[in-house]
Amino acid sequence: MTFIINSKPTIKGVVSDGESHSASETPGSPGIINNIRKQCGHTWYILSSNSVNLIAFTLFLLLVLVAILGPLIVPYNPLATSAVDALKSPSWSHWFGTDQLGRDVLSRVIIATRLDLLISVTAVAISFICGSLIGAVAGYFGGWFDKVSGRLIDTIMAFPLFVLAMGIVAALGNTVENIVYATAIINLPFYARVARAEVNVRRDSGFVHAAKLSGNSDFRVLALHIYPNTLPPMMVQASLNMGWAILNAAGLSFIGLGVRPPTAEWGIMVAEGANFIVSGEWWLAFFPGIALMLAVFTFNLLGDCLRDIVDPRQRT
């Protein structure tokens with residue numbers, strides 16, 4: 001009796017000539033498209049499962065749209081003056097009234113949205129990236145870098161943050177760039193401390209040891225396995241800091257160290273309108289203040305939403 005043994009066993013996904021047809025190895029866009037669909041589905045689940053998240057995200061999109069489309073939807077030129085229309089109360093022709101130079105307040109509030117969001121987003125992005133990287137490296141490796149960065153952060157936190165921002169802007173000059181740098185510096189310690197604490201807790205976890213045993217380097221373990229798990233608490237901090245950044249920019253403008261007139265900015269408009277409240281022109285400070293409050297309120301609500309979206313545990 002003769003037995004015939006097949007010397008070329010068939011393996012699923014591999015043909016006899018050794019060419020692999022695994023879907024995971026096939027270059028192309030279907031995998032990316034599926035990941036985008038999953039992320040969109042997860043985001044919609046987070047938004048639809050909590051009405052507060054949906055409201056916060058809707059308000060955020062509204063602010064972004066106003067900032068992007070501002071020059072196209074303003075009814076008047078925000079810099080155009082008219083002595084005839086000065087200090088007119090809200091009406092059908094000027095919904096938010098006019099200021100002491102006859103400029104339309106609604107147009108200036110809309111245009112100011114872009115500048116204030118630009119300052120807050122840029123400043124928070126800089127502080128988020130720099131602070132989280134400093135904190136992550138210090139928490140994972142420790143040593144002299146942890147000690148030096150810790151003392152530097154303690155030095156920044158020793159000053160009242162708004163006073164420190166005032167000093168930086170006063171020394172460098174009250175330009176938009178310097179306002180962004182000052183706001184980023186005073187917010188950097190928050191991310192550094194949160195990142196250091198989160199990484200320090202997780203660096204001896206089981207999944208970290210498993211990643212190292214798989215041949216991953218320390219930097220790869222930190223970047224791909226530990227750092228993503230630090231994002232949820234930092235997202236909440238980033239959302240809060242965006243509101244604080246808007247308030248910081250408005251506060252600097254209010255005391256004369258921020259954006260210079262005639263640029264439309266909420267803090268400047270509130271400062272200019274405060275001089276006319278006693279005489280009855282309440283709308284000059286009221287409507288920019290409402291816009292400022294709405295933006296800060298939106299970012300405070302948005303923190304929990306962003307945490308749930310980026311939290312790996314929510315995906316299960």
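User: How many cavities of 30 Å³ or more does a search of the whole structure find, and what makes a space a cavity?

Analyst: The search of the whole structure finds one cavity of 30 Å³ or more. On a 1 Å grid over the protein atoms alone, a cavity is a set of points where a 1.4 Å probe fits but cannot get out, whereas a pocket is an open set with protein on both sides within 12 Å along at least five of seven lines. The volume of the largest cavity is about 70 Å³, a volume being the space filled by probe spheres set on the points, with grid points joined across faces, edges and corners. Rolling a probe the size of a water molecule over the atoms shows where empty space is left.

User: What kind of model is this, and which conventions apply?

Analyst: This is a predicted model, in which local features need pLDDT of at least 70 and side-chain atom pairs count only at pLDDT 80 or more, while totals for chains, interfaces and linings use all residues. Residues are numbered from 1 along each chain as its sequence is written, and side-chain values use heavy atoms, with hydrogens and water left out.

User: Which residues line the largest cavity, and how do they divide by class?

Analyst: Lining residues have an atom within 4 Å of a point. Those of the largest cavity are Asp99, Gln100, Arg103, Val105, Arg108, Met269, Glu272, Gly273 and Leu284. They divide into three nonpolar, two polar and four charged, where Ala, Val, Leu, Ile, Met, Phe, Trp, Tyr, Cys and Pro count as nonpolar, Asp, Glu, Lys and Arg as charged, and the others, Gly among them, as polar. Helix α9 gives the most to this lining, with three residues.

User: Why is arginine 103 called buried?

Analyst: Buried means under 20% relative accessible area, exposed over 50%, and partly exposed in between (1.4 Å probe, protein chains only). Arginine 103 counts as buried because its relative accessibility is 4%. Arginine 103 lies in the loop between α2 and α3. Leaving aside neighbours within four places in sequence, its contacts (heavy atoms within 4.5 Å) include Pro78, Thr98, Arg108, Pro262 and Glu272.

User: What makes the protein's pattern α throughout?

Analyst: Helices (H or I, at least four residues) and strands (E, at least two) are DSSP runs, numbered from the N terminus. The protein has ten helices and zero strands, and along the sequence it reads α-α-α-α-α-α-α-α-α-α.

User: Which residues of the largest pocket lie nearest its centre, and which elements give two or more residues to its lining?

Analyst: The largest pocket is lined by 13 residues, of which Leu63, Val109, Thr113, Ala291 and Leu294 lie nearest its centre. The elements giving two or more residues to this lining are α2 (51-73), α3 (105-141) and α10 (283-310). Its volume is about 250 Å³, and the lining has twelve nonpolar, one polar and no charged residues.

User: What is the volume of the second largest pocket, and which element gives the largest share of its lining?

Analyst: The second largest pocket has a volume of about 160 Å³. Helix α8 gives the largest share of its lining, four residues. By class there are eleven nonpolar, one polar and no charged residues, and Phe57, Phe128, Met242 and Phe299 are among them.

User: What makes a set of residues a nonpolar core, and which members of the largest one touch the most others?

Analyst: A nonpolar core is a set of buried Ala, Val, Leu, Ile, Met, Phe, Trp, Tyr and Cys residues joined through side-chain atoms within 4.5 Å. The largest has 41 residues, of which Val105, Phe128, Ile226, Ile246 and Trp266 touch the most other members. Its largest share, twelve residues, comes from α8. Apart from this core lies another, of 16 residues, among them Ala165, Ile168, Ile179 and Ile268.

User: How do you know that asparagine 248 is buried, and what does asparagine 248 contact?

Analyst: Asparagine 248 has a relative accessible area of 7% and is therefore buried. Asparagine 248 is found in helix α8. Leaving aside neighbours within four places in sequence, asparagine 248 is in contact with Phe162, Ala165, Thr183 and Ile186. Asparagine 248 and phenylalanine 162 are 86 residues apart in sequence, yet 7.0 Å apart in space, C-alpha to C-alpha.
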